[in-house]
Amino acid sequence: MKLRIATPVVLATAVALTLSACGGGGGSGPSQPAGNSKSFEFWSFTGIDQKVSVEDYQKKNPGVQIKLTEVGSSVETAQALTTALAGGKVPDLVLIQGDDLPKFVQQSQNFHDLRPLGADKIKGDYLDWVMSQSTAKGGEIIGIPTDVGGMAVAYRTDLFKEAGLPTDREEVGKLWPTWDAFIETGKKYTAATGKAFVDNAATSVFYQAVNQGPQKYYDPSGNVVYSTSPQVKTAFDLAIKAAQAGITAKQSSFSEGWSAGMAKGQFAVIAAPSWMLGGIRRNAPDTEGKWDVATIPGGAGNWGGSYLAIPKGAANPKAAWDYITKTQSPQAQLEHFAKSGSLPTTPSVYKDPKLTGLKDPFFSDAPTGTIYTNSLLGLKPFFIGPDSSTIGQEFQNAITNVEQGKGDAAKAWDAAVANIKTAIGK
Amino acid sequence: MNKSNRVRWWTYLLLGLAVFACLFPLYWMFVVATTDTATATKLPPEIVPGGNFFHLAGLVFTTVPFVRSILNSLIVAGTIGIGHAVLCSLAGFAFAKLRFRGRNVLFLSVVLTMTVPTQLAVIPQYMIISSLGWVDTLQAIILPGLGLGSAFGIFWMRQHLGATISDELLQAARIDGATTWQIFWRIAFPLVRPAAFVIGLLGFVTAWNDFLWPFIVLKSPEMYTAQIAIKALQNSFHIDLGLAMSGSFLATLPLLVLFVFVGRRMVAGIMDGAFKG
Amino acid sequence: MTVTLETRRTVPEVETRVRRSISERLAPYAYIAPFFLLFAVFGLVPLLFTFYVALFDWNPIGEHVFIGFDNFTRLLGDARFWNAAWNTISIWLLSTVPQLLLALCVAHLLNHARLRLAVFLRMSMLVPYITSVAATAIVFAQMFDRDYGLLNWLLGLFGVEPINFLQSVWGSHLMIAVMVTWRWFGYTTLLYLASLQAIPRSLYEAAAVDGAGSWKQFRHIALPSLRPVIVFTVVTSTIGGLQIFTEPLLVSRAAPLTCGPVRQCQTLTLFLYEQGFGQFQFGYGAAIGVALFVLIVAIATLNYVLSTRIRKERG
């Protein structure tokens, strides 16, 4: 008799205990103890060195505990944020990449309006076109920009030498005032060495060139114009031309082969927004000193850049906001640039000797600060919409398909436009 | 067939090839995990393990909270494994040996649930988990895992209990005044414990290796299971294959060790299934 | 096997019956309740809810607008859907048919009374099964790589030009099918082997006396008794195979949600995930789920009809 009742009870207790143990672990981990105003949770993505800022801040503000989670790639972080917002368990602070931002700006009710917290007072510190991207239709500011992705080209001086090309960054920059000249240089390199010149056409040509015009996939009032925008078509045709010229290594960016190819010198050139330099360093640590950085064809452009936002359900928005103001002030962004290479969004420091004087030994002492800020000063900002990243992805896919020898170049544009229409419905 | 004949040499050759195909990918994982990324991209390939194992393993432990993720996997897979063994035995016992209204219909519905592709309902599953406030907790994996994977186990245990335990034995116990629970716990369960053990093992292995659902509901590194930790070893802007393979190997190692001890029983259990004869 | 009950008591028979009628009658239901409860909450309700969500334009962080069957009409005209459906069926066939045939052969080889190392051989077959998909994907992606993969290196020794497996439709399907087959064929082999071993040896001996050769013995004795287990493995690999997700997600790092630039190996489950969790269109994702459900039910029914028809013809 005793046994009959006892055993299920024991079992049930055991299960309950296990579950509460798990629950306890979950509770003390990610969610913060209520009432502790000195701690908050921060989601970032990998490869962007937010750890450096977090450690700095904690050093200067002892007693503040920041739980930094590098969720995954920027896209995965945005996906995780969406599911978190839908599920109701959100971090206090989150880093959102520029292309993913518009979707969240459209649903600004999910985030704290940063104006009452003090964003109105500091918004003048940042590039106005960068600020405008994180401002919702009703004027709510939901994000403070942490960096912009000024553009340049990273190249291997040793491989250029072998091919009989100049190696000095000034001269290299002069090799390609335009993208057509870039492709011509590539042909020379490939003819001389038999090797690929650039990693791929989709990212290193299209994605750079398309980011250089005043109007990309949307017009300034937010209507999609990807199929008629001359800038987009030009960039697309250039990429197809590069793909067909046989100068690309056909390695999609961020793939295994791309990483390996970079380390092994399979290609000599990569389009490198400022945040890419860290990636090159980690992918190819043995190539220190063999790289240099030159200006990008066309001179100006922006790829990437991120924002810090505070979700509505944040347990500790005040602490998060304090972190934003202290780590994203012009001076702090300058310091962060010196440490990690992320380009400041605050133009007031662009002439600061700390920025202009910075040299990167990995890249043959290239003055990266000057090179990247110069690419921004000539920039014509364009409107980024909620479907910008989908549109960009479809165009890149079409180019990659041609590059891999699978797609018909003549039909690639129409195919891409049709795919985009299917994907976004307009 | 040809049971009385000698085993031909080509039988061993073909079986040897099959074993090679089964084991080589794991061996290759180990080779890359003991050298570095350069090995994974070197041609001709190096096929002897190097001496870099501890360096890379150390990196795995510092890049992600790996110990914690192994612990999480143990909690999740252990609970699901034990849960399956117990729940499937209980339900299998009821279906095999107890008479109650609606038994056949209910059993049929258990079998039918096996054909329901629940995996594609991830979107509402996520909504339910989040409305329970369970996102980023281990019970978000354990409870669905207990419910969704066990239909096969119930079916299996029913076959076993039906074949192993005679009605006379139960009748005798009843006459002796044993309750249903006592009959299950004292008579039936001990007799089918090996089968229940295998069901538990299969549940454990499946839970240990599950990817999609933990990937969706687990967000913070402290909650990662081993599989999600492997994924997290790959940075967005660069891939260290040596590190990735080292993590994969370390996440597989606990199961390999377990398998050395229980593999024989697992093989016997799978073969002792419901399809004999 | 002696079973003694400690709780041997001298309770009047009547009282026992009374007790049974109350708690004992409920016992069977209590034993099966946990399964039904858990399955209802985490399996059935979500599935039914999928049908509901599919009728909405459902932004997980925004509005939910009822749009009737618009998601389905959109789906039918969506080339990406048909592409994913085709990929799913192709990968399923490529990973199921060879797997079952291979398992049948290996089981046949293993089914030898005097085989040495039988335990080792059987255990080896099960090692892939305990290896996770996440780990498998990393290893196989390396082996199938265009420039640095083992396989292309091996083919190169025979003068074959490097094959870009991942970027081509057939190559990527083949690669995923190999991963699936690798993981599951050992498990299937053991199931078949068990059935083969259950066949009484006397049957073979009788056939041998009648002059039946090895192939005839296999066809007329082994195959018929394997039929139930073959039907079982076909059904389970259909349900599993049509929901393949992790392999395609993990092999293509550059474009994980589409499994490559032209969605060459994007399966329906991956398409569902892309739309639901990548594009945040829960409604459209749910509609894909419903379509997949219909596909699975249709193929499972076809399976069933075919296998019963074969049974009738033979029976």
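Predicted model: local features only at pLDDT ≥ 70, side-chain atom pairs only at ≥ 80, totals over all residues.

On the α1(B) side, the contact is made by Leu15(B), Ala18(B), Val19(B), Cys22(B), Leu23(B) and Leu26(B). Helix α4(C) contributes Leu121(C), Ser124(C), Met125(C), Val127(C) and Pro128(C). By class, the residues of the contact of α1(B) with α4(C) comprise ten nonpolar, one polar and no charged.

The contact between the two chains involves 89 residues from chain C and 85 residues from chain B. On the side of chain C that touches chain B, helix α1 (residues 13–53) of chain C gives the most, with 20 residues. That side of chain C consists of 63 nonpolar, 19 polar and seven charged residues.

## Chain C

Chain C contains twelve helices and two strands. From the N terminus on, its elements follow the order α-β-β-α-α-α-α-α-α-α-α-α-α-α. The C-alpha trace of chain C spans about 75 × 60 × 40 Å along its principal axes. Its radius of gyration is 26 Å, whereas a compact globule of 315 residues would have one near 20 Å.

An unreviewed UniProt entry places the feature "transmembrane region" at residues 29–55, 89–111, 123–144, 174–194, 226–245 and 282–306 of chain C. Over residues 29–55 of chain C, the model shows 93% helix and 0% strand, with the end C-alpha atoms 36 Å apart. Residues 226–245 of chain C are 80% helix and 0% strand, and their end C-alpha atoms are 30 Å apart. The UniProt annotation "domain: ABC transmembrane type-1", also from an unreviewed entry, covers residues 85–303 of chain C. In the model this span of chain C is 74% helix and 0% strand, and its end C-alpha atoms lie 18 Å apart.

## Chain B

Chain B has 13 helices and zero strands. Its C-alpha atoms fill a box of roughly 70 × 65 × 30 Å, taken along the principal axes. For chain B, an unreviewed UniProt entry gives the feature "transmembrane region" at residues 12–30, 70–93, 105–126, 138–157 and 241–262. Residues 12–30 of chain B are 100% helix and 0% strand, with end C-alpha atoms 26 Å apart. Residues 241–262 of chain B are likewise 100% helix and 0% strand, and their end C-alpha atoms are 31 Å apart.

## Helix packing within chain B

Helix α4 (residues 66–97) and helix α7 (residues 139–148) of chain B have axes that come within 9 Å and cross at roughly 25°. Helix α4(B) is therefore roughly parallel to α7(B), a description that applies to angles under 35 degrees. The crossing of α4(B) and α7(B) is right-handed.

In α4(B), the residues Val76(B), Thr79(B), Ile80(B), Gly83(B), His84(B) and Leu87(B) meet Ile141(B), Ile142(B), Gly145(B) and Leu146(B) of α7(B). The residues of this contact of α4(B) with α7(B) divide into six nonpolar, four polar and no charged.

Technical notes. Residues numbered from 1 in each chain as written. Chains lettered and ligands numbered in written order. Contact = placed C-beta atoms within 7 Å. Helix = DSSP H or I, 4+ residues; strand = E, 2+ residues; numbered from the N terminus. Nonpolar A, V, L, I, M, F, W, Y, C, P; charged D, E, K, R; others polar. UniProt positions renumbered as here; feature names shortened; annotations may be inferred. Rg over C-alpha atoms; globule rule 2.2 N^0.38 Å. Axes fitted to C-alpha atoms, helices over the stretch in contact; angles between N-to-C directions. Parallel < 35°, antiparallel > 145°, perpendicular 65-115°, else oblique. Left-handed = near helix turned anticlockwise from the far one by under 90°.
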